[in-house]
Amino acid sequence: METKSGEDALTLPGGTGGDSCAYDPPWATVTEREWNDYRWQIANRVTDVSQLASLPGIDPADRELLRRVTSIYRVGITPYYLSLIRFDDPADPIALQAIPAVEEFTDIGLDDPLDEEKDMPVPGLTHRYPDRCLMVVTNYCSMYCRHCTRKRIWTLGEGSKTEFELSKMFAYIRRHEEIRDVIVSGGDPLTLPTARLEYILKNLRRIPHVEIIRIGSRVPVVLPMRIDAEMCGMLEKYGPIWLNTQFNHPREVTPEAAAACDRLIRAGVPVNNQTVLLKGVNDHPEIIRRLNTSLLKAKVRPYYLFQCDMVRGLEHFRTRLSRGVEIMEALRGHSSGLAIPSFVVDVPGGGGKIPIMPNYILSMGEERTVLRNYEGIILSYEEARSDGRPSARPDDAGPTPRNDVYRLMTGEVKSLVPAGNERMARRKRRCESGSPAT
Ligand SMILES: *Cc1c(COP(=O)(O)O)cnc(C)c1O
Ligand code: SF4
């Protein structure tokens, strides 16, 4: 969107594609003031099939298919995000994220592959990792991403959690003193009325062991005008708050989006980015490199590159893991380290996030390790000879690391055996019966 300051009326462009698209949406003429008002943006979202069918590049014959898709997965596109689409490009990366596709009809995938619901001690709160938890506080988003991992909650309607439901989550966090990091997610929490979000943050801040609060929101990307003075003033009161957003393509890093991130940062809220690796949208090293360097210019730190989850209706967006590794290979060494996220796959069944990257260790010996660098140069690295000297210790004993593999390293345990291992069960039976090993 090119905002031409000084002009009263703005015309919604049919993308920068220009004249080739004779696109005349119902909101073709809008004042700059309206355009920059998030309420206007929300009120004028594309939400139904007839609006969709009137978009350029959409075959009216697809109307029936669109109707079927949208009867399962709802649509919502802010005029702002719509204005980023180049309608003359049939494979536009912005359109792919916003406009429903027939491919969403598929039996492949699961509603909740990450088993978030199974790790929910109270409805809406997932406690998977030792010191942090995730709250789903609303089912509402200003833009419904076609690749959303939590598409399953869309069927619950566009509602937010009640105070009663929230109180159960607060009580759980209060009882669990190990939780020091709470992720407020959804849906999109920044679509809540400011007072409502404040209620959540205020209640979390009343819990002494909650050190940091993270907000997961795509608002900076799809509705940047929502990050207004009122919102920033409120967030400033409840820090430290970190915001994780989701830019997936360099063209999403517009001056408006960058300005929204800047307002957050000035309110003391660091902004990090979690890109989803999506076929046809950003599954190319050069796109990710440009995205991440644009983000750094906007002072946003690329945090994660996510493998697309195995969610029903997302199969057409998934890439092989090898594509992610290839992208990481092309980034490391070739871009600022700050522009390099961790590539992670959240494995189905609740195993959590696992980082995946190219292998830089070729071999390890006691005295030397053989490494290769990003250019393919193979090097010998001389190991330290300070084995006799003690390692650092924290002032207090501190909690024992709970990480199971780490316990193998400290020697606390000798092995980790999967539950139900048949050989171990045989061994146990033999011991109990007292018969000698054969
Ligand atoms: C991703 C996630 C977190 C946060 O993980 P970090 O690696 O700390 O960013 C916490 N809880 C759940 C359930 C998650 O999926
Ligand atoms: S903003 Fe987040 S929760 Fe909302 S649809 Fe997009 S990915 Fe899903």
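**Exercise 1.** Which residues are linked in a network of salt bridges?

*Solution.* Begin with the term itself: a salt bridge is a side-chain nitrogen of Lys or Arg within 4 Å of a carboxyl oxygen of Asp or Glu. By this rule, Asp131, Arg132, Arg180 and Glu211 are linked in a network. This is a predicted model, in which local features need pLDDT of at least 70 and side-chain atom pairs count only at pLDDT 80 or more, while totals for chains, interfaces and linings use all residues. Residues are numbered from 1 along each chain as its sequence is written, and side-chain values use heavy atoms, with hydrogens and water left out.

Next, take the pairs in turn. Aspartate 131 and arginine 132 form a salt bridge whose closest N and O atoms are 2.8 Å apart, and arginine 180 meets glutamate 211 in another, at 3.0 Å from N to O. The second pair links distant parts of the chain, 31 residues apart: arginine 180 is in the loop between helix 7 (163-175) and strand 5 (181-185), and glutamate 211 is in the loop between helix 8 (194-205) and strand 6 (212-216). Helices (H or I, at least four residues) and strands (E, at least two) are DSSP runs, numbered from the N terminus.

**Exercise 2.** Decide whether arginine 180 and glutamate 211 are buried, partly exposed or exposed.

*Solution.* First recall the cut-offs: buried means under 20% relative accessible area, exposed over 50%, and partly exposed in between (1.4 Å probe, protein chains only). Arginine 180 has 27% relative accessibility, so it counts as partly exposed. Glutamate 211, at 45%, is therefore partly exposed too.

**Exercise 3.** Describe the lining of the largest cavity, by residue, by element and by class.

*Solution.* On a 1 Å grid over the protein atoms alone, a cavity is a set of points where a 1.4 Å probe fits but cannot get out, and lining residues have an atom within 4 Å of a point. The lining consists of Asn273, Thr275, Ile288, Leu291, Asn292, Pro302, Tyr304, Leu305 and Pro341. The elements that give two or more residues to this lining are strand 8 (271-277), helix 12 (285-297) and strand 9 (301-307).

For the last step, sort the residues by class: Ala, Val, Leu, Ile, Met, Phe, Trp, Tyr, Cys and Pro count as nonpolar, Asp, Glu, Lys and Arg as charged, and the others, Gly among them, as polar. The lining then has six nonpolar, three polar and no charged residues.

Notes
Chains are lettered from A and ligands numbered from 1 in the order in which they are written. On a 1 Å grid over the protein atoms alone, a cavity is a set of points where a 1.4 Å probe fits but cannot get out, and a pocket is an open set with protein on both sides within 12 Å along at least five of seven lines; lining residues have an atom within 4 Å of a point.
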